[in-house]
Protein chains: 2
Amino acid sequence: MIAIEHLRHVDAAPARAARERYRAGSVAPTSGVAPGFTQANMIVLPRDWAFDFLLYAQRNPKACPVLDVSDPGSHATLLAPGADLRTDLPLYRIWREGKLAEETADARAAWAEHPDLVSFLIGCSFTFETPMAEAGIEIRHITDGSNVPMYLTDRPCRPAGRLHGNLVVSMRPIAPGRVADAATISGRFPAVHGAPVHIGAPDEIGIADLGKPDFGDAVRIEPGEVPVFWACGVTPQAAVMASGVPFAITHAPGHMFITDIPDSAYHA
Amino acid sequence: MIAIEHLRHVDAAPARAARERYRAGSVAPTSGVAPGFTQANMIVLPRDWAFDFLLYAQRNPKACPVLDVSDPGSHATLLAPGADLRTDLPLYRIWREGKLAEETADARAAWAEHPDLVSFLIGCSFTFETPMAEAGIEIRHITDGSNVPMYLTDRPCRPAGRLHGNLVVSMRPIAPGRVADAATISGRFPAVHGAPVHIGAPDEIGIADLGKPDFGDAVRIEPGEVPVFWACGVTPQAAVMASGVPFAITHAPGHMFITDIPDSAYHA
């Protein structure tokens, strides 16, 4: 990937405009928004949990490719100068003792509870939807104007310290003649989940019913289409639940942080 | 890259044999040893420093691509079942208050000083020397039977917590007609430093004399050859020195840990 300091010339006006809308209170999934700018999952944890999480990410790089980590107590990121991670995502989830306590469009009150929060920004598969669409592969949830469907699998992640949990995947139905193209194109973007982890046979990864996603919305699957599964940045939220993490702030699934970084920077 | 669990069929006898020699006391640089098996840099730190270092690695991925991290107190690694990180490298350096205190072929005594050491294994550019040599690119330090030359540059790494320091690079002189091939081939292996960070003009990164490397041995440079510089896994040792880290164990430059993982696993 290209080092951030070489990207200062990129005019990130569409990304900034989207963040400003969310800061002003707009709430909606971000798939298809500010196309060409990399989107990120977020998990924010007290400093005491930061090593466990960074190690969990290192050990599960398909699900948790780390794009940036803030300094403790900071709500800024190198990936979008001037952005405020407490307000610039459309929707947040506040977690207490491993349980979803609240959804909010403004995380400032929750953020103020801990002086030493560390924010992790994690690659999002929305990033490679743009080159897939440019290659003529239909992205069904964009066509239908819904959120991407996400499923909790029965595949355990490699644990790290106090953190454990199963893999979460996103799913896109793809025509059989384009599955290889979808794998190849997404595989060029390892920092945003890369190639699929599973193609076809949902039951083999513990998904009983594609019509009932654990996160996001169900999508139409046309006859003959193959369900293609990518590792998903909601995996940290599954670990928060499974591990009973005392306090965390995350994005709400599908409601990502939009960075100033062009997708091409993460092309392998 | 390919997940480790899919590599159990690989017969790693040459890697095991090399580790057994080092465990028995043999001391020599590892470039060219057990070709086809991935080699790794190592830095071992007390648990209190582990988050700072893992964050330093995340923020400086060209220099510090993390391949595995041990659990605190463990001297085992997923990358070589049965290996002992305290004895299976040919030569170690023990660091105290940021200064090199000792070189030893057996780190067990130093390891016993701290109950909670965390070991970081970091990709090594020796890994892509095999495909470069297969493509007909001469690797001068292998031809001449010496250690690769390494230099401390004037380029600061992105700091993390208490850790800061400059980038260390390895150098290989390459014929002008093969520099692009060397960049392309190494670029296919981002987990082991990937493409060069600098090509030609050593003075522009603060290297005054190629004949006087800061680590390893000087090598012959034939007329017309271009010095090509790759980010180097000795960069953590420069951070140990610059930051005055109280205690660390590392490999000695050029004396790597040989894993059971085939190089092809790290092909992008």
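The model is predicted, so a few limits apply: local features need pLDDT of at least 70, and side-chain atom pairs count only at pLDDT 80 or more, while totals for chains, interfaces and linings use all residues. Residues are numbered from 1 along each chain as its sequence is written, chains are lettered from A and ligands numbered from 1 in the order in which they are written, and side-chain values use heavy atoms, with hydrogens and water left out.

Start inside chain A. Chain A splits into domain 1 (38–124 + 243–266) and domain 2 (126–235). These bounds come from an automatic or database domain assignment. The C-alpha centres of the two domains of chain A are 21 Å apart. Domain 1 of chain A brings 28 residues to the contact, and domain 2 of chain A brings 31 residues. Contact here means heavy atoms within 4.5 Å.

How much area do domain 1 and domain 2 of chain A bury between them? The value is about 2600 Å², with 57% of it on carbon and sulfur atoms. Buried area is the accessible area (1.4 Å probe) that two parts lose on being put together, summed over both. On the side of domain 1 of chain A, the residues that lose the most area to domain 2 of chain A are Tyr56(A), Lys62(A) and Cys124(A). Together they make up 26% of what that side buries.

Charges meet here too. Between domain 1 and domain 2 of chain A there are 2 salt bridges. A salt bridge is a side-chain nitrogen of Lys or Arg within 4 Å of a carboxyl oxygen of Asp or Glu. Asp48(A) and Arg162(A) form a salt bridge through their side chains, at 3.1 Å from N to O.

Which elements give two or more residues to the side of domain 1 of chain A that touches domain 2 of chain A? They are β1 (37–46), α2 (50–59) and β5 (117–123) of chain A. Helices (H or I, at least four residues) and strands (E, at least two) are DSSP runs, numbered from the N terminus. α2(A) gives the most to this side, with 5 residues.

Now bring in chain B. Chain B can be laid on chain A with an RMSD of 0.0 Å, by a turn of 180° and a shift of 0.0 Å along the axis. The two copies are thus related as by a two-fold rotation axis. In chain B, the C-alpha nearest the axis belongs to Phe51(B), at 2.4 Å from it. For this comparison, copies are superposed by least squares on the C-alpha atoms of residues with pLDDT of at least 70 in both.

The contact between the chains takes 18 residues of chain B and 18 residues of chain A. Chain B and chain A bury about 1500 Å² between them, 55% of it on carbon and sulfur atoms. Phe51(B), Leu54(B) and Gln58(B) supply 37% of the area that chain B buries against chain A, more than any other three residues. And 100% of the interface residues of chain B are also interface residues in chain A, so the copies meet through the same surface.

The rule finds 6 across the interface of chain B and chain A. One salt bridge joins the side chains of Arg158(A) and Asp68(B), at 3.1 Å from N to O. On the side of chain B that touches chain A, the elements giving two or more residues are α2 (50–59), β2 (66–69) and β5 (117–123) of chain B. α2(B) has the largest share of that side, 7 residues.
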